[in-house]
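Subject: Structure handover

Hi,

Here is the structure for you to look at. My notes follow below it.

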Amino acid sequence: MTSVDTLPYKTSQNLKFSTFLPNHNQIWQGSLDSVSFDEEGIKAKVLNLDKPCYIVRIESQIGVTNEGYLYNSNHGQAGKVEMLIAVPPLSIQQLGDPTFLEFHGVKYAYATGAMAHGIASEELVIALGRERILSSFGAGGLAASRVEAAINRIQQALPKGPYAFNLLHSPSEPAIERSVVDLYLKYQMRTIEASAFLDLTDNIVYYRAAGLGLSAANEIEIKNKVIAKISRREVATKFIQPAPTNILKRLVEQDLISELQAKLAEQVPMADDITVEADSGGHTDNRPLVCLLPSILELRDEIQRKYCYEQAVRVGVAGGIATPQSALAAFMMGAAYIVTGSINQSCVEAGTSQYTKQLLAQAEMTDVMMAPAADMFEMGVKLQVLKRGTFFPLRAQKLFDLYKNYNSIEDIPPLEREKLEKQVFKKNLEVIWKETTTYLSQRNPDKLIKAANNPKMKMALIFRWYLGLSSRWSNSGEKGRETDYQIWCGPAMGSFNDWVRGSYLADPNNRKVVDVANHIMRGAAYLFRIQSLKMQGLQMPATYMQYRPQ
C-alpha cells in the first residue's frame with residue numbers, strides 16, 4: 001500500500017473545496033492506491049456510476065476514489081486523509097419516473113419519437129427495442145399496406161416489445177386516420193404515440209376505449225396505451241381528462257365499444273403519458289421548454305386533483321433534447337421521461353437517404369426555419385425544416401403565398417406559372433394534376449370529386465404534390481431533386497453536432513440509435529453526479545462539466 005509520504009504530487013491542483021465544512025465525523029478507510037488525482041482518473045471514477053464516489057484530501061491535494069468505506073468517529077479525522085464528500089452509487093434508471101419504466105417495460109426513461117414516412121424505421125425501432133428502449137415507428141403519411149408490413153416485421157422481431165406506432169392526426173383525411181386505428185386494433189398494437197391532434201377524434205377515443213376492461217380483481221385494465229404529443233394547454237387538457245361522453249355514446253351506438261368500456265373510459269385519462277413538445281423538428285409551435293413544461297405539469301396536477309386517477313398522467317418532454325446537458329435539464333425540471341427526434345434521423349437505422357444524413361450531420365442550430373406543411377397546407381400550418389443545402393422552405397412558402405393570393409391555377413400570372421413549372425415542379429402543371437388525380441382516386445376519391453368543382457382546392461392539391469413528394473425525395477435520395485429535399489429538423493440537430501464534434505459520432509456512418517441513447521443517458525447521470533458534488537462544495541474546472549462520447 002502506498003503511504004501518504006510517497007504520493008506522487010506532480011499533477012496540477014485540479015480540484016478545490018469551498019469554505020463549506022466537511023463532515024469530520026466520517027472517516028474514509030481504504031487503499032491510497034485507489035485514489036486518483038489527475039483529471040482523466042477523476043472523471044473515470046465519477047463516471048463509475050455503479051460505485052460510490054469518495055472525495056478525500058491528502059495533505060494539499062484532493063482526489064477521488066470508488067473504493068474503501070466510511071465509518072463514523074467522534075474523534076475527528078484519523079491520520080492525514082481527510083474525508084470531504086461522499087455520493088452514493090447512481091443508476092441511470094433513477095433518472096425520470098420509475099413508473100414509466102415499469103409501465104412500458106423499458107430500462108430507461110428515454111424514448112425516440114415517430115418521424116413520419118418511415119424515417120423512424122423498422123430498423124430503428126427494432127434496434128432500440130432489443131435494448132429495451134421505447135421507440136415509435138413513423139407511420140404518418142404511409143399507406144395502410146406499408147404500415148401493416150411494418151407491424152408484422154416489428155412484432156415478429158419484438159414479440160414482447162417494447163415498441164410503439166404513431167397515430168398522426170389527419171384532419172383532411174379522417175378515413176386514413178380510421179384505417180390506421182383499425183390496423184392497430186386488428187394487430188393488438190398496445191402502445192401508440194398520438195401526434196398533431198388539435199382535438200380528440202372518434203378514432204383516437206375508439207382506440208383507447210376498445211382496450212379497456214376489468215381484471216379478475218375487478219380493477220380497470222388499460223391494454224391500449226396512449227402517449228400524446230402536445231404543445232398547448234388546451235390540447236393537453238383533452239388528453240389528461242377522460243374521453244368525452246358524447247364521443248363514447250356515439251361509439252356505443254355504432255357497436256364499436258361496449259357500454260362497460262364506455263363507463264370505464266369515463267374513469268381513466270385519455271392518455272397515460274403526455275409528451276410536452278417544445279422547439280422541435282416537423283410540426284411544432286416553437287415553444288420554449290422552460291416555460292411550457294412547468295405550465296403543463298401544473299395543469300396535470302390540477303386535473304389529477306379533480307379526478308384522482310390511481311396513476312397520474314406522466315409528463316415527458318421532446319424538442320431540443322440532444323445532449324446529456326439538455327436531458328439532465330429536462331429531468332431536473334420534473335420530466336418523467338425524455339424523447340429525442342431530429343438527432344435520430346441522422347443515424348444509420350433511420351429511413352433517410354445518405355445524402356440527407358450528411359446534410360443533417362453538418363447542420364448548425366441556426367440552419368432551420370419554418371415552412372408550410374403538406375398535411376395542413378390550406379390551414380396555414382407550418383413545420384420546422386432544415387434550410388441548409390435545400391431550397392424547399394423558400395419554394396414551399398412561395399406556393400403558400402400563391403395559394404393565399406389567387407383562387408385558381410388559371411388566375412396565377414403566366415410568368416409565375418412558368419417559373420413554377422421550370423424551377424419547382426419541373427413538370428407541366430397539367431401533368432402534375434393527372435398524377436394527383438391518379439393518386440387521389442385510390443387514396444381519397446371523395447376529395448377528388450370535391451376538387452372538380454372547387455378551383456382553389458384543385459390548386460391546393462397541385463401544390464401539395466410538391467410538398468408531399470419533397471419529403472419522400474429526401475428519404476429515397478431522389479437524384480436531381482436534392483435542392484427540393486424537405487428535411488424535418490429542429491435546432492437540437494445543431495446542438496447534437498456540436499456535442500459529438502471530434503468524437504466517433506461526428507461521422508453519420510458511425511451514428512447508431514442505441515449508442516446515442518446510451519451516451520445521452522449515461523452522460524446525464526454523470527453530469528448529475530458532478531452537480532451533486534458541486535452543490536456540496538467541490539470546485540472543478542469547466543472541463544469536468546463535459547461528457548464526450550468515447
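This is a predicted model: local features need pLDDT of at least 70, side-chain atom pairs count only at pLDDT 80 or more; totals for chains, interfaces and linings use all residues.

Start with the overall layout.

Next, a sheet. It is open and has 3 strands, in the order E4-E3-E6, with antiparallel pairing. Strand E4 (61-65) and strand E6 (81-87) are at the edges; each has a single partner strand, so one side of each has no neighbour in the sheet. From one strand to the next, the twist averages 25°. Strand E3 (residues 53-58) runs antiparallel to E6, and 6 bridges join the two. To find one of these by eye, go to Tyr54: its bridge partner in E6 is Ala86.

Helix H1 (residues 39-47) touches E3 and E4. The direction of H1 makes about 40° with that of E4. Helix H19 (residues 513-535) touches E3 and E6. The direction of H19 makes about 130° with that of E6.

How many cavities of 30 Å³ or more does a search of the whole structure find? The count is 1. The largest cavity has a volume of about 70 Å³. Its lining is made up of Ala111, Thr112, Leu134, Ser135, Ser136, Ala164, Glu193, Ile227, Thr275, Tyr337 and Val339. Strand E7 (110-112) and strand E8 (134-137) each contribute at least two residues to that lining. E8 gives the most, with 3 residues. By class, the cavity lining has 6 nonpolar, 4 polar and 1 charged residues.

There is also a pocket to check. The second largest pocket has a volume of about 480 Å³. Its lining has 21 residues; Phe103, Ile220, Ile222, Glu310 and Gln311 lie nearest the pocket centre. Helix H2 (98-104) and strand E12 (220-222) each supply at least two of the lining residues. What is the class make-up of this pocket lining? It divides into 11 nonpolar, 3 polar and 7 charged residues.

Best regards

Conventions. Residues are numbered from 1 along each chain as its sequence is written. Side-chain values use heavy atoms; hydrogens and water are left out. Two strands pair if DSSP finds at least two bridges between them. Helices (H or I, at least four residues) and strands (E, at least two) are DSSP runs, numbered from the N terminus. Axes are lines fitted to C-alpha atoms, for helices over the stretch in contact, and angles run from 0 to 180 degrees between N-to-C directions. Contact means heavy atoms within 4.5 Å. On a 1 Å grid over the protein atoms alone, a cavity is a set of points where a 1.4 Å probe fits but cannot get out, and a pocket is an open set with protein on both sides within 12 Å along at least five of seven lines; lining residues have an atom within 4 Å of a point. Grid points are joined across faces, edges and corners, and a volume is the space filled by probe spheres set on the points. Ala, Val, Leu, Ile, Met, Phe, Trp, Tyr, Cys and Pro count as nonpolar, Asp, Glu, Lys and Arg as charged, and the others, Gly among them, as polar.
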